[in-house]
Amino acid sequence: MDEETIVALATPPGRGGIAVIRLSGALSGEVARRIFQPLPARVQARRSYHGFIHDAGRRIDEGLAVFFRAPRSYSGEEMAEISLHSNLFLVEKALELACRHGARSALPGEFTYRAFRNNKLDLLQAEAVNDLIRANTRAGALMEFDNLEGRLSATVAQVRDALLRAAVEIETGIEFAEDQHLEAGPGGDGLAAALALLEKVLACSRFSEAVSRGFQVVIAGRVNVGKSSLFNALLLRERSIVSALPGTTRDYIEETLHLGGFAFRVSDVAGIRAAGGDDIENQGMQRSLERLAAADAVLFMVDASQPLQESDLEIHRLLGGRRRILLANKSDRGRQDVIAAIRTAFPGEPLNLISAKHGDNLEAVTAFLASLPGELAQPADAVAVNLRQKGLLEKLRETVGRVLRLQAQEPAPGELVAEELRQGLRLVGELTGAIGVDDVLRGVFARFCIGK
Ligand SMILES: Nc1nc2c(ncn2[C@@H]2O[C@H](COP(=O)(O)OP(=O)(O)OP(=O)(O)O)[C@@H](O)[C@H]2O)c(=O)[nH]1
Ligand SMILES: [Mg+2]
C-alpha cells in the first residue's frame, strides 16, 4: 500500500503558533500544489515557499511549504510539509483538502514505518523515534536520541558480526573436519566480547527503566520522626498530612520530583513501629515494607531530639545493603547525646542533620537524590532499552552464552553450535527488523502517534 500518498498533522492538535501538515508518497508534490499556491512550475527541494492554502479559489490560510525528493526525506519517499496556523478548524480543513486531492489519512506511525521500509532507519531506530517522543525526562529523551542516531543498533551489529564470524568458521569447520581435521575456529573471542557487551547493555536497562519510570525513593523511619514534613518540604507543598500524633500517615503517598533532568518518585509511607498500631496502621506498615523492597534508594530518617528507639534499629536492619542517606531530623531541637548515640548506632554512615520543618540542610537530601543516577550507572554509557528489546536481548544473551559453553566442550558439538548461532542471528534479525515478523512490526508502529 506504500504507493498511496498519506497525510497527517505532525504537530500536536490544538491552538498554537504553527501547525505542520505532512504528506508522503509519490503524489505529495502534486497534492500540495493543488491546495497551496503560488508555487513555481518546478519547485526546488528543501526550500520554503510562502503562499496560501486555497479551498475552491478561496484563501483559507497563509503559510509555508517545503518539498523533499525521494530518497532524501524522512520517509525516503517524495514528501511535502505545509505549515499553517495551528487552529483546529483550519487544520481539519487543510487535511480534508489534501484527502480530496488524492491523499489519505496516515495510520499511526506510518511515516516512520515507510522510513523503515525504505531503509532510512532500522527497527531499533524507529522505536527510538517513538520512545523519544514519549520520554518524560530529559535524560530519557537524550538516551533515546542516541538510539535514534544508532547507538543500540551499533551494539546489536557488533553482536551480529561476532555471530556471523563464528557461523562462517563453524560451517567451514564442519565441512572440512572429516578429511582435513581442521579445528573448529576460535570465534569465541568475538563471542565472549559480544556476551560482555550484551551483559553491559542489559545491566544498563535497569537504569534506563529507572530513567523512564523515575527512580523509586522511599522516606523510611519510625512514626513521628518527620517523614511527611520532609516529603512536603521536598515537593514545596503541603501534600501529606503532618501532625504531632504518631501514626498520622497510614497509606503511602507518591509524588514525582524532577531534579537534574531525572524523575524521582518519592514515597511518604506510614511510620514503622514494632507493635501497638490498629489494623489500618498495620496494613499501612505492610505497604511501607513493600515500598521499601522496591526502592532504588531510601531516605532513612531518625529523630535528633529524642533517644533512639528499638524500631529505629529495626528499620535500619530492614534496609540491608540498600542505597541510602541517614537523616537526623529536628536539628532545631537536636540533643548532643542523641546525636552521639545515633553516630554510635550507625557507624560508617555519614549523618546529615536536617530540619524538615524549617527547611534546614535539605540540600543534603537533594544532592543525594541527584547523585543516584550516576551511582546506578554511568549515564553517559547507558543505552535506553524498551521492553520488546529487553526480552530479545536477554534471549540473545542466553543463546551466546550457550554457544560459548558448547564451544568449550571437547570436541565441540559443531551441529549444535551452528544451530544456536542461527538462532542468535534470528534474534538479531527480530531486533533490527531485518526479519520482518508482521505482528511485531504492527505492534511496534501501532504505539506511535499519527503524524510520525
Ligand atoms: N521541631 C521540629 N519538629 C518537626 C520537624 N519536622 C517535623 N516536625 C514535627 O514532628 C511531628 C511529626 O511530623 P510528621 O511529618 O507528621 O512525621 P511522620 O514521620 O510523617 O509521622 P507519621 O506519619 O505519624 O509516621 C509534627 O508535629 C511535625 O511538625 C523539625 O525539623 N523540627
Ligand atoms: Mg507521616
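Colleague: Where does Pro38 lie?
Modeller: Pro38 is in the loop between S3 and S4. Helices (H or I, at least four residues) and strands (E, at least two) are DSSP runs, numbered from the N terminus.

Colleague: What is this model, and how is it numbered?
Modeller: It is a predicted model: local features need pLDDT of at least 70, side-chain atom pairs count only at pLDDT 80 or more, and totals for chains, interfaces and linings use all residues. Residues are numbered from 1 along each chain as its sequence is written, chains are lettered from A and ligands numbered from 1 in the order written, and side-chain values use heavy atoms, leaving out hydrogens and water.

Colleague: Back to Pro38. Is the peptide bond from Gln37 to Pro38 cis or trans?
Modeller: That bond is cis, and its omega is near 0 degrees. In general, most peptide bonds are trans.

Colleague: Where else is there a cis peptide bond?
Modeller: One joins Ala70 and Pro71, with omega about 0 degrees. Pro71 sits in the loop between strand S5 (58-68) and strand S6 (79-86).

Colleague: And Lys330, is its phi positive or negative?
Modeller: Positive, near 70 degrees, and Lys330 is not a glycine. Most residues other than glycine have a negative phi. Lys330 is found in the loop between strand S12 (324-329) and helix H11 (336-345).

Colleague: Now the sheet. How many strands form it, and in what order?
Modeller: Seven strands form an open sheet, and the order is S3-S4-S5-S6-S2-S1-S7. The pairing is mixed. Two strands count as paired if DSSP finds at least two bridges between them.

Colleague: Which strands are at the edges?
Modeller: Strand S3 (36-37) and strand S7 (104-105), each of which pairs on one side only.

Colleague: How does S3 pair with S4, parallel or antiparallel?
Modeller: Antiparallel, over two bridges, with S4 covering residues 48-55. Gln37 has Phe52 in S4 as its bridge partner. Gln37 is also the residue whose bond to Pro38 is cis.

Colleague: What about S1 and S2, how many bridges there?
Modeller: Strand S1 (residues 6-9) and strand S2 (residues 16-24) run antiparallel and are joined by four bridges.

Colleague: Change of topic. How many residues surround ligand 1?
Modeller: The shell holds 23 residues, where near means a heavy atom within 4 Å. The closest are Ser229, Gly247, Thr248, Asp332 and Ser355. Helix H8 (residues 227-235) gives the largest share of the shell, three residues.

Colleague: Which polar atoms are by the oxygen atoms of ligand 1?
Modeller: A polar contact is a pair of N or O atoms within 3.5 Å. A polar side-chain atom of Lys227 is 2.8 Å from an oxygen atom of ligand 1. From the backbone, a polar atom of Thr248 is 2.7 Å from an oxygen atom of the ligand, and an N or O atom of Ala356 is 3.2 Å from one.

Conventions. Polar contact = N/O pair within 3.5 Å; in protein donor to acceptor, adjacent residues only side chain to side chain.
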